[in-house]
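Here is a friendly note to read alongside the model. Please keep the structure open while you go through the points.

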Amino acid sequence: MSTPETSRFVRLRVELVLEIDDEEAVTGAALNRIADDEGIPDEERAHAESAVTEDTAEALAQLVDPFALLGEVPGVELLQASWSGEEIDYDPDSPEWDLDEDDDDEPYEDEDEDGAGRAG
């Protein structure tokens, strides 16, 4: 018995908190990425260079490439992506930064109630 192929659309949400300890290195890498991208029109290039020079979070966002991250994943075609960077106040002890807040203490699909994985 064979199963017909079907497409499923999945929204993957990823939130990262990074500590930047060398703003000049991040900004320089972003400026190099912009300079190396031949597909950026001159007017857009000037705007991008200005944005990454003024804001390290923008520089970091310029360096993140979801298409490169998922380009080698078999069976997946990235259709749309959006991302941004912003400076934040970070307190790792604050409940606001609890990474499990969306889980509602429910086990993952492949886990038993005690959190142990199941063999599939």
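1. **Elements.** Helices (H or I, at least four residues) and strands (E, at least two) are DSSP runs, numbered from the N terminus. Thr-56, a residue we will come back to, is found in helix 3. The protein chain has four helices and zero strands, in the order α-α-α-α from the N terminus on.

2. **Ground rules.** This is a predicted model, in which local features need pLDDT of at least 70 and side-chain atom pairs count only at pLDDT 80 or more, while totals for chains, interfaces and linings use all residues. Residues are numbered from 1 along each chain as its sequence is written, and side-chain values use heavy atoms, with hydrogens and water left out.

3. **Confidence.** The predictor's confidence in each residue is its pLDDT, from 0 to 100. The average for the protein chain is 81, and 78% of the residues score at least 70. Among the helices, helix 1 has the highest confidence at 96, and helix 4 (residues 66-70) the lowest, at a mean of 85. Please read residues 110-120 with care: pLDDT stays under 50 there. For that stretch the model has eleven contacts beyond four places in sequence, where contact means heavy atoms within 4.5 Å.

4. How many of the 120 residues count as buried? The share is 12%. Buried means under 20% relative accessible area, exposed over 50%, and partly exposed in between (1.4 Å probe, protein chains only). Of the contacts in the protein chain with a separation of 6 or more, 44% join residues 24 or more positions apart.

5. **The core.** A nonpolar core is a set of buried Ala, Val, Leu, Ile, Met, Phe, Trp, Tyr and Cys residues joined through side-chain atoms within 4.5 Å. The largest one here has seven residues: Val-26, Ala-30, Ile-34, Ile-40, Ala-48, Val-52 and Ala-59. Helix 1 (23-36) and helix 2 (42-54) are the elements that give two or more residues to this core, and helix 1 gives the most, with three residues. In soluble globular proteins, nonpolar side chains tend to be buried together.

6. **Helix 3 and Thr-56.** Which residues of helix 3 (residues 56-63) are buried? They are Thr-56, Ala-57, Ala-59 and Ala-61, and the buried residues of this helix pack against helix 1 and helix 2. Thr-56 counts as buried because its relative accessible area is 8%. Not counting residues up to four places away in sequence, Thr-56 touches Ile-20, Glu-23, Val-26 and Thr-27.

7. **Helix starts.** At the start of helix 3, a side-chain oxygen of Asp-55 reaches to within 3.0 Å of the backbone nitrogen of Ala-57. This falls under polar contacts (pairs of N or O atoms within 3.5 Å; within protein, one must be able to donate a hydrogen and the other to accept it, and residues adjacent in sequence count only if both atoms are side-chain atoms). Asp-22 sits in the segment before helix 1, and the side chain of Asp-22 reaches the backbone nitrogen of Ala-25 at 3.1 Å. Asp-22 is partly exposed, at 39% relative accessibility.

8. **Thr-53.** Thr-53 still touches Thr-27 and Leu-31, not counting residues up to four places away in sequence. A polar atom of the Thr-53 side chain lies 2.7 Å from the backbone oxygen of Glu-49.

9. **Trp-83.** Please look next at the segment after helix 4, where Trp-83 is placed. Trp-83 is partly exposed, at 39% relative accessibility. The side chain of Trp-83 reaches two backbone oxygens, that of Ala-61 at 2.8 Å and that of Val-64 at 3.3 Å. The C-alpha atoms of Trp-83 and Val-64 are separated by 8.3 Å, with the two residues 19 apart along the chain.
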